[in-house]
Amino acid sequence: MRESKQMPRMPRMSNMITLSHSKISTWKSCRRQYKFIYDDKISPIDEPTYFALGRSIHDSLSKFYAIEPEMRTQQDLVNWFAKSLADDWSRLTSRREAYPDDERDYKSTVENGYTMLTRYWNRYGIDKQIGKCLTEHQVSVQLTDNLSFTGKLDCLTSNWIIEHKTGNITVEDLALEDDQSFMYCWLMRKVGRPVKGTVYNIIPSPTAQSSSFQRVPIERTDNELASVESEILQIAEEIEWLPRLPTRSYSCKSCQFRMLCRAERQGGDVEYLIDSKFRRANETA
Ligand code: SF4
């Protein structure tokens, strides 16, 4: 029988699995990386600090939009950022020895964050355009007896998902290729909340050349979302059955597990590397 979008084929699975956009994205890019992160549950002790800025901006905005506009202040926005960054930085750097550039990097991250949020406040103020929202909103749906899908939304209004995007963003890429938006819109409609689509709230970094403050609403049609569920089901089946083969490519350069892959290939002591350079999920920081 031919597969149809209306009747996705149920995966043959024996284990319980919860999928998310980031799991699926990792699986699609490299199955070996998926194994390290989700099967072995290891993470590098020396985690890069360059994502801390975006995480702390997100955290600050999630608190900002969780309250009524009249309650919002610039001082709170900046304070939330500062607290979040300090905590995150401490988590990242306390696992490893200190580097000479740590202090300089921290200061420049704080300055960049202050600049971004000050410009944000100057642009939107208390921002009545976005009222009090559900922020960092976790939504899950059960797809089969042993498969569920979950997503955490930056911000949810009555009929739009709002995604904060920091950095150097190209709107066209987001509109056409942002898998997360397709999955989250499908997820919300699946649980009976008919969102129109995603509003990209773009917050350029101070150094971004080709990005500016923008709010870009992208509607997602049912037709666009019709294949999301069957794709999730197929990937769940792949994860259940397929070996964790490495996808060696140019992107290995920026992979945090590169030393393990290289050691595996060259007959190195992988267990020693894991014990000395990585943490297992049940180990405390
Ligand atoms: S180094 Fe390359 S092959 Fe190895 S896990 Fe990372 S992306 Fe995959």
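**Reading the ligand site, a hairpin and helix pairs**

Reader: Which residues are around the ligand?
Author: This is a predicted model. The residues around the ligand are Cys30, Arg32, Gln33, Pro246, Thr247, Arg248, Ser251, Cys252, Cys255, Phe257, Arg258 and Cys261.

Reader: Which helices each supply at least two residues of that shell?
Author: Helix 2 (31–39) does, and helix 10 (258–266) does as well.

Reader: How do the residues of the shell around the ligand divide by class?
Author: Six are nonpolar, three are polar and three are charged.

Reader: Now the strands. What is the general idea?
Author: In a regular strand, side chains alternate between the two faces of the sheet. Here, take strand 3 (residues 134–144) and strand 4 (residues 147–156): they run antiparallel, joined by nine bridges.

Reader: How many residues does the hairpin use to join strand 3 to strand 4?
Author: Two residues link them. To find your place in the pair, look for His137, which stands opposite Leu153 in strand 4.

Reader: Next, helices. How are two packed helices described?
Author: By the angle between their axes and the distance between the axes. Start with helix 1 (residues 21–29) and helix 2: their axes come within 6 Å and cross at roughly 140 degrees. That angle makes helix 1 oblique to helix 2.

Reader: Which residues make the contact of helix 1 with helix 2?
Author: Helix 1 gives Lys23, Thr26, Trp27 and Ser29, while helix 2 gives Arg31, Gln33, Tyr34, Ile37 and Tyr38. By class, this contact of helix 1 with helix 2 has four nonpolar, three polar and two charged residues.

Reader: How do helix 3 and helix 4 cross?
Author: The axes of helix 3 (residues 52–64) and helix 4 (residues 74–93) come within 8 Å, at a crossing angle of roughly 140 degrees. Helix 3 is therefore oblique to helix 4. The crossing is right-handed. Residues of helix 3 in the contact include Ala52, Ile57 and Phe64, and those of helix 4 include Leu77, Trp80 and Leu92. The contact of helix 3 with helix 4 holds nine nonpolar, three polar and four charged residues.

Reader: At what angle do helix 4 and helix 5 cross?
Author: Roughly 155 degrees, and the axes of helix 4 and helix 5 (residues 102–124) come within 10 Å. So helix 4 is roughly antiparallel to helix 5. This crossing of helix 4 and helix 5 is right-handed. On helix 4, the contact residues include Val78, Phe81 and Trp89; on helix 5, they include Tyr106, Gly113 and Trp121.

Reader: How do the residues of the contact of helix 4 with helix 5 divide by class?
Author: Into 11 nonpolar, four polar and one charged.

Key. Residues are numbered from 1 along each chain as its sequence is written. This is a predicted model: local features need pLDDT of at least 70, side-chain atom pairs count only at pLDDT 80 or more; totals for chains, interfaces and linings use all residues. A residue is near a molecule or strand if its C-beta atom, placed from the backbone, lies within 6 Å of it. Helices (H or I, at least four residues) and strands (E, at least two) are DSSP runs, numbered from the N terminus. Ala, Val, Leu, Ile, Met, Phe, Trp, Tyr, Cys and Pro count as nonpolar, Asp, Glu, Lys and Arg as charged, and the others, Gly among them, as polar. Two strands pair if DSSP finds at least two bridges between them. Axes are lines fitted to C-alpha atoms, for helices over the stretch in contact, and angles run from 0 to 180 degrees between N-to-C directions. Angles under 35 degrees count as roughly parallel, over 145 as roughly antiparallel, 65 to 115 as roughly perpendicular and the rest as oblique. A crossing is left-handed if the near helix is turned anticlockwise from the far one by less than a right angle, and right-handed if clockwise. Two residues are in contact if their C-beta atoms, placed from the backbone, lie within 7 Å.
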